[in-house]
Amino acid sequence: MGSSFSSADEAGAGSTASGLLPEPGLGDLPESCVASVLVHLEPPQICRLAMLNRAFRGASSADFVWESKLPVNYGDVIGRVFENDGSFSRGLCKRDIYSWLCRANLFDGGSKKVWLDKSTGKICMSVSSNGLAITGIDDRRYWSRIATEESRFSSVAYLQQIWWFEVDGEIDFPFPAGSYSIFFRLQLGRAHKRFGRRVCNAEHVHGWDKKPVRFQLSTSDGQQATKQCYLKEQGRWIHYHAGDFVVAKSCRSMKVKFSMTQIDCTHTKGGLCVDSVLIFPTEYRERLQHF
């Protein structure tokens, strides 16, 4: 494609030398026409085309191009995430707002992160172990906080041993319309580095093969889901599906509750790392390894 542009430019230069008007090129297109095309492309494609020439660069900054990529209720999202900074979006163009929302923005005291998927503009969210209500978390006989580079939040909750296992979470957020999945990110065993290599200590892992763990979710509009599964695989992070919920139309606020329990007190269980809970569009399941 680039060579054809160059040929056209060279032909135009030759015509000028012979006294004829140069042939029109892509740089002669009105920015409004270019913007009308860019609005149908995905954000990464728009950014690449912005480097083509001045007309495309100018068109790629048009507010209506980027507003079409933002969630319909992006104003409510901004208000929820930047609630302590009402002037956040003041003076910013829509492209800058999109760029800012694509970052992993902390909110609710740093216990949660939310960002837009760069390619689609859809909401993704992560809730840290610090943002979850964990039974016995303050008792060092059972739980401890472990610093790690393997978490988005730089630490995880590690369970040594307990009889009553219960982890609850809740989020109140203006979700854009769509279908969302909830996953718990867990690992059996405690990972650390030894001589530069990752090693997982399974010393405290026990009890998870005796009874299944129950995952539940419910929403403020009456949706519910329940799943059960055994925790088996050790030594790597696994996303356990808690269920799905649907937002029929972009809302100003939807409350979602989710939990993970294993409260059969006939045996103890331990050796589990609880990192976070992920909430993201259902169609992204195949991309779990990137979260």
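These are some notes on the chain shown above, going from the whole to a few residues.

1. Ground rules. This is a predicted model, where local features need pLDDT of at least 70, side-chain atom pairs count only at pLDDT 80 or more, and totals for chains, interfaces and linings use all residues. Residues are numbered from 1 along each chain as its sequence is written, and side-chain values use heavy atoms, with hydrogens and water left out.

2. The whole chain. You'll find 7 helices and 15 strands here; these are DSSP runs numbered from the N terminus (H or I and at least four residues for helices, E and at least two for strands). Of the 291 residues, 44% are buried, meaning under 20% relative accessible area, while exposed is over 50% and partly exposed lies in between (1.4 Å probe, protein chains only). The accessible surface comes to about 15,300 Å², and carbon and sulfur atoms hold 51% of that. Such areas come from the Shrake-Rupley method with a 1.4 Å probe, and for residues only the protein chains shown count as cover. As for contacts (heavy atoms within 4.5 Å), residues 24 or more positions apart account for 68% of those with a separation of 6 or more.

3. The cores. The largest nonpolar core has 63 residues, and Phe 173, Phe 175, Phe 245, Phe 258 and Met 260 have the most contacts inside it. A second, separate core has 6 residues, among them Cys 124, Leu 278, Phe 280 and Tyr 284. A core here is a set of buried Ala, Val, Leu, Ile, Met, Phe, Trp, Tyr and Cys residues joined through side-chain atoms within 4.5 Å.

4. Met 125 and Phe 173. Have a look at Met 125 in strand β3 (residues 123-128). Met 125 counts as buried because its relative accessible area is 0%. Beyond four places in sequence, its contacts include Phe 107, Trp 115, Ile 171, Phe 173 and Phe 175.

5. Strand β8. How many of the 11 residues in β8 are buried? In this strand (residues 178-188), 9 are. Strand β8 runs antiparallel to β13 (residues 238-247), with 9 bridges between them, and antiparallel to β15 (residues 272-281), also with 9 bridges. DSSP must find at least two bridges for strands to pair. Arg 185 shows both pairings: its bridge partner in β13 is His 239, and in β15 it is Ser 276.

6. A surface patch. Trp 163, Trp 164 and Ile 263 form a nonpolar patch with about 320 Å² of accessible area together. Patch residues have over 30% relative accessible area and no salt bridge; like charges are joined within 9 Å, and nonpolar side chains (Val, Leu, Ile, Met, Phe, Trp, Tyr) within 5 Å. A salt bridge puts a side-chain nitrogen of Lys or Arg within 4 Å of a carboxyl oxygen of Asp or Glu. Trp 163 sits in the loop between β6 (155-159) and β7 (165-173), and is partly exposed at 47% relative accessibility.

7. Positive phi. Asp 108, not a glycine, has phi near 55°; you'll see it in the loop between β1 (105-107) and β2 (112-116). Ser 154, in the loop between β5 (143-147) and β6, also isn't a glycine, and its phi is about 70°. Both are partly exposed, Asp 108 at 28% and Ser 154 at 47%.
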